[in-house]
Amino acid sequence: MISCRLLSWVSLLHRTAVPPSVSALTACCPLPAAMLLVHRHEPRGAVLGRSLPEPRISPIEVPLLFAVFLVAAACEEAGWTAYATDPLCARWSLPAAGLILGATWAVWHLVPYAQAGHGPLWTAGQCLYTVALRVVIVWLYRRSASVLAAVACHAASNVGWSLFPDHGSHYDPVVTGSVAAAVALLVLTAWLRPSSG
């Protein structure tokens with residue numbers, strides 16, 4: 001039983017056919033989009049109420065960080081997506097599976113957030129972001145049938161916060177969590193809308 005489950009799990013990792021529309025959505029995952037939105041408006045202090053330093057990102061940093069985060073995301077998504085998503089989707093609705101996994105993923109990170117010395121507001125914003133990102137990841141995975149789409153979105157998310165705008169110096173999960181929640185609500189609305197015809 002366990003060996004059959006493991007074999008089916010490994011076979012999911014090899015699904016690589018991702019439609020171009022899903023690839024584009026993966027590349028535009030909520031966190032990098034939120035980072036761009038915040039940085040675009042920050043010279044006027046419109047979002048965070050404080051000015052941001054100019055981005056200091058060397059051209060080599062982005063691909064190196066993406067490679068490192070890709071490996072880490074592949075390890076996490078092997079569990080969250082390849083192993084857990086399909087059984088949850090079979091038992092519950094797709095949105096419920098995304099919310100259940102997102103809430104579990106957020107709780108999983110509470111101790112590291114506390115150990116890093118983050119306060120309640122930061123932690124709440126990051127948990128909101130985590131749940132929203134998981135909803136989007138589940139949607140990407142179910143639309144593409146590819147764990148690689150989930151891995152790419154997860155890795156892009158990590159690259160986004162770690163570079164913004166000066167190696168994560170001004171990352172604010174309350175802002176990014178709010179933007180990601182709006183994206184997740186759009187995804188949930190699309191899931192819940194009855195199909196026409």
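Which residues of helix 4 are buried? In this predicted model, the buried residues of helix 4 are Glu61, Phe69, Ala73, Glu77, Ala78, Trp80, Thr81 and Ala82.

The chain contains 10 helices and 0 strands. Read from the N terminus, its elements follow the order α-α-α-α-α-α-α-α-α-α. The chain has 197 residues, of which 42% count as buried.

Helix 4 covers residues 61-83, a run of 23 residues. From its first C-alpha to its last it reaches 31 Å, close to the 33 Å expected at 1.5 Å a residue. Helix 4 also bends by about 45°, and the bend is at glutamate 77. Glutamate 77 is itself one of the buried residues of this helix. Another residue of helix 4 is phenylalanine 69. Phenylalanine 69 counts as buried because its relative accessibility is 16%, and the cut-off for burial is under 20%.

Attention now turns to the open space in the model. Rolling a probe the size of a water molecule over the atoms shows where empty space is left. The largest pocket holds about 390 Å³ of space. It is lined by 20 residues, and those closest to its centre are His109, Tyr113, Gln126, Asn158 and Trp161. Two or more lining residues come from each of helix 4, helix 7 (110-115), helix 8 (120-144) and helix 9 (147-163). Helix 8 gives the largest share of the lining, with 5 residues. Sorted by class, the lining has 12 nonpolar, 7 polar and 1 charged residues.

The nonpolar interior can be considered next. In soluble globular proteins, nonpolar side chains tend to be buried together. The largest nonpolar core of this model has 24 residues, and the members that touch the most others are Leu101, Leu133, Val135, Ile137, Val187 and Trp191. At least two residues of this core are supplied by each of helix 5 (85-91), helix 6 (94-108), helix 8, helix 9 and helix 10 (173-192). Helix 8 provides the largest share of this core, 9 residues.

Some individual residues complete the picture. Tryptophan 108 is found in helix 6. It is exposed because its relative accessible area is 61%, and exposure requires a value over 50%. Between tryptophan 108 and cysteine 127, the separation is 19 residues in sequence and 9.9 Å in space, C-alpha to C-alpha. Leucine 185 lies in helix 10. Leucine 185 is likewise exposed, because its relative accessible area is 53%. Leucine 185 and proline 95 stand 90 residues apart in sequence, while their C-alpha atoms are 10.0 Å apart in space.

Alanine 145 is placed in the loop between helix 8 and helix 9. Most residues other than glycine have a negative phi, and most peptide bonds are trans. Alanine 145, although not a glycine, has a positive phi of about 55°. With a relative accessibility of 32%, alanine 145 counts as partly exposed, because this value falls between the limits of 20% and 50%.

Notes
Residues numbered from 1 in each chain as written. Predicted model: local features only at pLDDT ≥ 70, side-chain atom pairs only at ≥ 80, totals over all residues. Heavy atoms only, no water. Helix = DSSP H or I, 4+ residues; strand = E, 2+ residues; numbered from the N terminus. Expected span 1.5 Å × (residues − 1). Bend = angle between axes of the 7 residues up to and from the residue. Buried < 20%, exposed > 50% of the residue type's maximum accessible area, 1.4 Å probe, protein only. 1 Å grid on protein atoms, 1.4 Å probe; cavity = no way out; pocket = protein on both sides within 12 Å on 5 of 7 lines; lining within 4 Å. Points joined across faces, edges and corners; volume = space filled by probe spheres on them. Nonpolar A, V, L, I, M, F, W, Y, C, P; charged D, E, K, R; others polar. Core = buried A, V, L, I, M, F, W, Y, C linked by side-chain atoms within 4.5 Å.
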